[in-house]
Each structure stands twice: as structure tokens, then as C-alpha cells.
Amino acid sequence: MPVLNISYVNFRNLKNASIDLLAKEVYFVGENGQGKSNLLESVYYSAYGSSFRTHADSELVKEGKSGFGLKTMYREENGSTSTLFVSYDGTKKKIEKNGKTVKDRKELINTMPCVLFCHDDLEFAIGEPERKRFFIDQCLSMYDVLYIDVSRRYKKILKTRNLTLKEMKFDMLDAFDMQLAENGVFIQKKRGDAIFQFNQIFGKLYEDITGIDGVSIKYEPSWKGTELPLPSQNEAMQILFNKREMDKVMQTTMSGPHRDRIRFMRNGTNFVPTASTGQRRLLAILLRVAQSIFYTQTTGKKPVLLMDDVLLELDPDKRQSVTAMLPEYDQLFCTFLPGEPFERYKRKTTRVYKIEKGEWNEQRD
Ligand code: ATP
Ligand code: MG
């Protein structure tokens with residue numbers, strides 16, 4: 001839950017020291033390239049044991065060094081203090097929670113739930129179907145360990161099935177189809193339910209901020225049911241069977257949740273192609289707001305919000321409305337350029353750090 005402090009050893013350009021973060025809101029203010037996003041990244045990395053900017057841990061190691069370490073103290077819901085320690089020695093990553101080894105990153109779920117707002121979120125609105133699926137999967141993976149397990153299993157079976165198709169070992173397809181259908185149907189059901197719940201939140205939010213009504217998220221599952229929108233396991237197996245010839249020709253599995261589509265609609269037509277740049281940007285930002293609300297509604301817990309240059313791209317009116325309707329949060333981290341009117345968004349509970357060349361200095365009034 002709220003982060004109390006983080007100690008750095010050779011993480012990106014940040015100085016080897018400890019930063020005190022105990023505040024409801026923490027603002028990082030600095031010129032380009034000083035280390036603001038690196039600070040947000042360190043919070044995220046502590047929370048999930050992975051970065052939102054790269055899969056290569058080696059990139060996080062300070063230039064000229066061989067590894068890095070992050071020690072994060074945070075407050076539990078019951079008021080006690082816990083510690084997360086993550087380190088990377090150049091080859092292996094190690095994660096510990098209160099001195100105990102975390103073997104699988106899924107054990108970190110709900111520890112310090114973070115919702116990140118960043119420029120790349122635009123991809124959720126305008127990007128490839130894969131990016132949109134990623135967003136929904138992330139919403140579910142924030143709290144649902146079973147969803148993580150089933151998704152991992154699905155990916156593994158899919159990979160083996162595709163290999164079987166390439167190697168033309170077609171007699172094995174029956175067995176794979178059964179497993180693929182079982183896990184795939186579970187994923188589709190979870191996605192369908194999540195998008196239904198999301199729509200209760202999202203359309204109203206979008207209308208409140210932009211004045212544009214009737215925007216909704218449409219789930220187009222790759223496997224469709226005959227009576228219900230989603231198929232039963234048997235129906236999914238039948239679909240796989242019917243498409244087998246195509247799969248054999250293409251040497252890959254052409255249907256299943258890995259081909260699901262998610263669209264933004266308004267009055268029955270695709271919203272994104274005609275939306276303006278600002279309207280698309282707001283889609284992305286409000287998806288993150290909805291993600292936070294969805295998380296709180298589902299778990300009863302408030303997330304930590306990490307906002308990387310988010311307000312920068314909005315006109316002054318929209319900035320005001322977005323800051324006025326932020327979701328409930330346990331803690332908020334936000335980056336600003338020095339020229340931005342961050343003082344205006346400050347609250348009594350806000351702490352401001354000036355960031356320069358990886359070093360921080362608290363600004364006191
Ligand atoms: P912007 O306003 O442009 O987003 P920022 O303050 O968010 O800037 P960051 O992305 O946090 O900037 O930091 C970038 C700085 O960190 C760059 O100067 C970069 O050279 C440095 N940096 C990134 N990775 C490393 C590393 N592994 N070792 C040393 N320095 C690094
Ligand atoms: Mg940045």
C-alpha cells in the first residue's frame with residue numbers, strides 16, 4: 001500500500017541513497033532526462049518485480065555497474081511496515097518480501113497495486129488488437145491469480161499446438177484442442193465479464209469529461225457461442241475442429257482468445273477512426289481511471305497511481321477536469337516539467353521533489 005521510502009543501489013541514473021516518500025501525493029518536477037520516470041519505474045518495479053518500460057533488467061543497471069538493488073518500505077493495511085527487496089546481479093533477479101523469497105511474481109499481487117498512466121497508453125486506444133487485449137488482461141491480472149495461471153497455461157498449450165501444426169503431427173490435435181478450449185473458454189468468460197463491468201464505469205466517465213455520450217467498449221470474442229455470446233467448452237472444441245484445415249494450411253492456430261478483438265464504439269460505429277487526437281488521448285487516460293475504479297470495486301482496495309507526464313498533453317480545461325475526478329487512491333505519484341502549473345494541483349498532503357541529474361531535493365514552501 002503506500003510507499004514510505006525507497007533505497008537505491010545503482011538503479012538507472014538515480015543516486016545511491018534513500019528517498020522519503022511518505023505523503024498522500026508526491027510530485028517529481030524536473031527538466032527532460034533528469035530521472036522523473038526512473039523514480040516512477042522504481043515504484044512499479046518494487047510492486048511487480050518488472051518494469052513498464054523494458055523487459056531487459058540489464059537496462060536498469062546504472063551505466064558502468066554490474067547490478068542494481070531496490071529496497072522499498074511500505075505500509076500494510078493493518079498499519080505495520082513491510083519491506084520489498086529486489087535485486088539483479090547481471091544475470092539473476094531476486095525478490096524478497098519481508099526477508100522471504102518471492103518465487104513467482106504473481107505472489108506480489110495486491111501487495112502494492114499500481115496503476116500506471118503513461119504516454120504509451122495511447123496504444124490501448126489506437127494500437128494493435130494485442131495491446132487492447134493486454135490492457136484487459138492487465139486489469140484482471142491485478143487481482144486474479146487464477147486468471148494469471150489459466151492465461152499462462154493457455155499460452156503454453158497454444159505454443160505446443162502451433163509447433164504440432166508446423167511439424168504436421170496432426171494426430172495430437174484432439175488432445176490439445178480439449179485443453180485449449182477448456183482454458184480459452186475461461187479466459188473469454190473473464191474478459192467478457194470484465195468488459196461488461198468496465199462499461200458501467202467508462203461511458204459515463206468519458207461523457208463527463210468530453211461531453212461525448214454513448215462511447216462503449218465492445219468485446220468481439222474470437223470463438224462465439226451458438227446460443228449465448230460465448231461458447232461452452234464443447235462448442236469451442238467444435239469451432240477448433242471446424243477450423244482445423246485452415247490451421248493446418250496456415251501452420252498456426254487461427255482462432256481463440258489470442259485473436260479476440262476489443263473496439264471502442266459510439267452509436268454502433270467504430271469511434272476511434274473519427275476521434276480527434278485529444279479525444280483518443282482521453283480514451284487512454286480514462287481507461288486507466290476506469291482500471292483503478294474497477295480494481296477498487298472488485299477488491300475494496302485503493303491503488304497507487306503513477307502518472308507519467310499525463311496532464312502535459314491535455315488542454316487546460318481538460319487538465320482541470322481530469323485532476324478533479326481522479327479515482328480514489330492510496331497514494332499518487334505524478335511527474336511535471338518545471339514550467340507546468342503543478343502548484344495549482346497541489347494539496348495540503350502533497351510533497352514536491354525537484355529532480356536533477358538523478359538527485360532529488362524536496363521543495364519546501
Ligand atoms: P522526460 O521529462 O524526458 O520524460 P525524465 O526526467 O522522466 O525525462 P528519465 O526517463 O527518468 O527522465 O531518465 C532518463 C535519464 O536517465 C537519461 O538521462 C538517461 O541517460 C538516464 N539513464 C537511463 N538509464 C540509465 C542507466 N542504466 N544508467 C545511467 N543512466 C541512465
Ligand atoms: Mg519521463
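This is a predicted model: local features need pLDDT of at least 70, side-chain atom pairs count only at pLDDT 80 or more; totals for chains, interfaces and linings use all residues.
Lys-106, Ile-109 and Met-325 supply 28% of the area that domain 1 buries against domain 2, more than any other three residues.

Two salt bridges are counted between domain 1 and domain 2, each being a side-chain nitrogen of Lys or Arg within 4 Å of a carboxyl oxygen of Asp or Glu. The side chains of Asp-149 and Lys-106 meet in a salt bridge of 2.7 Å, N to O.

The largest nonpolar core has 103 residues, and Phe-28, Phe-202 and Phe-333 have the most contacts inside it. A nonpolar core is a set of buried Ala, Val, Leu, Ile, Met, Phe, Trp, Tyr and Cys residues joined through side-chain atoms within 4.5 Å. Helix 5 (residues 173–210) gives the most to this core, with 13 residues. Both domain 1 and domain 2 give residues to this core, so it lies between them. Phe-28 touches residues including Leu-39, Leu-40, Phe-333 and Tyr-353.

| Residue | Relative accessible area | Class |
|---|---|---|
| Asp-57 | 13% | buried |
| Gln-251 | 31% | partly exposed |
| Asn-267 | 65% | exposed |

Asp-57 sits in the loop between helix 1 (36–48) and strand 4 (68–75). Helices (H or I, at least four residues) and strands (E, at least two) are DSSP runs, numbered from the N terminus. Asp-57 touches Tyr-45, Phe-68, Tyr-88 and Lys-93, not counting residues up to four places away in sequence.

Phi is near 60° in Gln-251, and near 50° in Asn-267. Most residues other than glycine have a negative phi.

Residues are numbered from 1 along each chain as its sequence is written, and chains are lettered from A and ligands numbered from 1 in the order in which they are written. Local features need pLDDT of at least 70, side-chain atom pairs count only at pLDDT 80 or more, and totals for chains, interfaces and linings use all residues, while side-chain values use heavy atoms, with hydrogens and water left out.

Methods: Buried means under 20% relative accessible area, exposed over 50%, partly exposed in between (1.4 Å probe, protein chains only). Contact means heavy atoms within 4.5 Å. Domain bounds come from an automatic or database domain assignment. Buried area is the accessible area (1.4 Å probe) that two parts lose on being put together, summed over both.
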